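Q: I would like to learn how to read the features of a model such as this one, beginning with the general idea and then turning to the case at hand.

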Amino acid sequence: MTDLAAVKAESRRYGPIAYVATTGANGEPHLAPVAVSWVDDDVYAFVLSSGRKVRNVRENPRATVHFAVSEATGWDSCIVWGEASIVDTVEGRRALWNRMGYDLAAFEPGGPESDNHVFVRIVPSRATILRMYGLKGRETWHA
Amino acid sequence: MYALDQVKAECARLSPWAHLATVRPDGQPDVVPVHPCWEGDVLWVMIGMDSRKARNVAANDKVALHWQVTETGDGVELWGTATLHDDLDTKRRLWTGVFDYDLNAFAPGGPDNSPGTGFLAVRPTKALVLLAYGMRGSHTWVAS
């Protein structure tokens with residue numbers, strides 16, 4: 001058993017891109033590569049308001065983040081399961097605008113006042129770190 | 001509209017690896033990295049028959065795969081329905097000539113002596129090819 005601080009530190013080895021999975025109302029999964037950031041103890045992504053993952057989260061809040069696996073990180077995995085919600089208010093976007101670690105204005109010139117983008121917030125409930133697909137061990141964390 | 005062969009070619013250009021999403025009975029998605037290979041128009045993934053993804057597919061056959069995006073943000077997402085296979089005929093057929101890596105590295109018993117090993121067959125229903133995360137365009141394919 002590990003702790004959330006160790007999960008957060010581990011996830012940063014993989015770079016900013018993670019594959020975020022959500023589930024539609026019809027039970028179909030959706031998987032999208034997005035830039036994610038930890039803000040305090042939650043995972044956030046800045047996404048288009050009209051996107052599939054936003055629609056899915058509004059219908060089913062369960063989401064999973066799989067940080068990108070690669071040869072560079074020895075095929076280790078860091079997976080975070082949690083409950084997602086959409087931050088779609090101007091106040092909410094303003095509070096997060098400068099906390100993602102990259103310039104959001106490059107993607108949304110309208111700034112936090114624009115309704116074209118929202119934040120997906122994922123509150124982690126558990127996480128697993130797999131060493132080389134689990135062949136070399138695993139560490140788990142539960143809220 | 002793309003043809004499935006164009007989707008396959010795009011997958012091959014991107015990476016041998018993809019992330020596979022399946023769904024638990026309570027609607028929670030799971031994601032794992034996999035190394036899938038095509039046999040005709042069916043996409044195969046080697047799996048453990050008692051793995052989470054196998055149990056998920058037994059309850060909900062809908063899956064999605066996303067090939068590793070390139071540095072410029074090109075990617076492919078593919079949706080389909082999946083079935084589980086651990087019969088000896090299928091395992092012997094797939095063990096040589098379909099996968100582009102040595103399955104014995106993960107199941108040294110080979111097809112005849114790997115009782116926990118099986119395969120996931122994904123029959124694609126639709127796909128989306130995104131160039132630079134969609135900023136340079138996109139292509140879709142839908143099964144007829």
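A: Two residues are in contact if their C-beta atoms, placed from the backbone, lie within 7 Å. This is a predicted model, in which local features need pLDDT of at least 70 and side-chain atom pairs count only at pLDDT 80 or more, while totals for chains, interfaces and linings use all residues. Residues are numbered from 1 along each chain as its sequence is written, and chains are lettered from A and ligands numbered from 1 in the order in which they are written.

Q: What share of the contacts in chain A with a separation of 6 or more comes from residues 24 or more positions apart?
A: Such residues account for 65% of those contacts.

Q: How many helices and strands does chain A have?
A: Helices (H or I, at least four residues) and strands (E, at least two) are DSSP runs, numbered from the N terminus. Chain A has three helices and seven strands, and along the sequence they follow the pattern α-β-β-β-α-β-β-α-β-β. The radius of gyration, taken over C-alpha atoms, is compared with the globule rule, 2.2 Å times the number of residues to the power 0.38. For chain A the radius is 15 Å, close to the 15 Å that the rule gives for 143 residues, so the chain is as compact as a globular protein of that length.

Q: Which strands pair with β5(A), and in what sense?
A: Two strands pair if DSSP finds at least two bridges between them. Strand β4 (residues 62-67) of chain A is joined to β5 (residues 77-87) by five bridges and runs antiparallel to it, with R62(A) standing opposite E83(A). Strand β6 (residues 117-130) of chain A also pairs with β5(A) in the antiparallel sense, over eleven bridges, and there W81(A) has R126(A) as its bridge partner.

Q: Is A95(A) buried, exposed or partly exposed, and why?
A: A residue is buried if 20 or more other C-beta atoms, placed from the backbone, lie within 10 Å of its own, exposed if 12 or fewer, and partly exposed in between. A95(A), found in helix α3 (residues 90-96) of chain A, is partly exposed because 14 other C-beta atoms lie within 10 Å. Buried residues make up 38% of the 143 residues in chain A.

Q: How many residues of chain B are in contact with chain A?
A: 20 residues of chain B are in contact with 21 residues of chain A. On the side of chain B that touches chain A, β1 (18-23), β2 (29-34), β5 (62-67) and β6 (75-85) of chain B each supply at least two residues.
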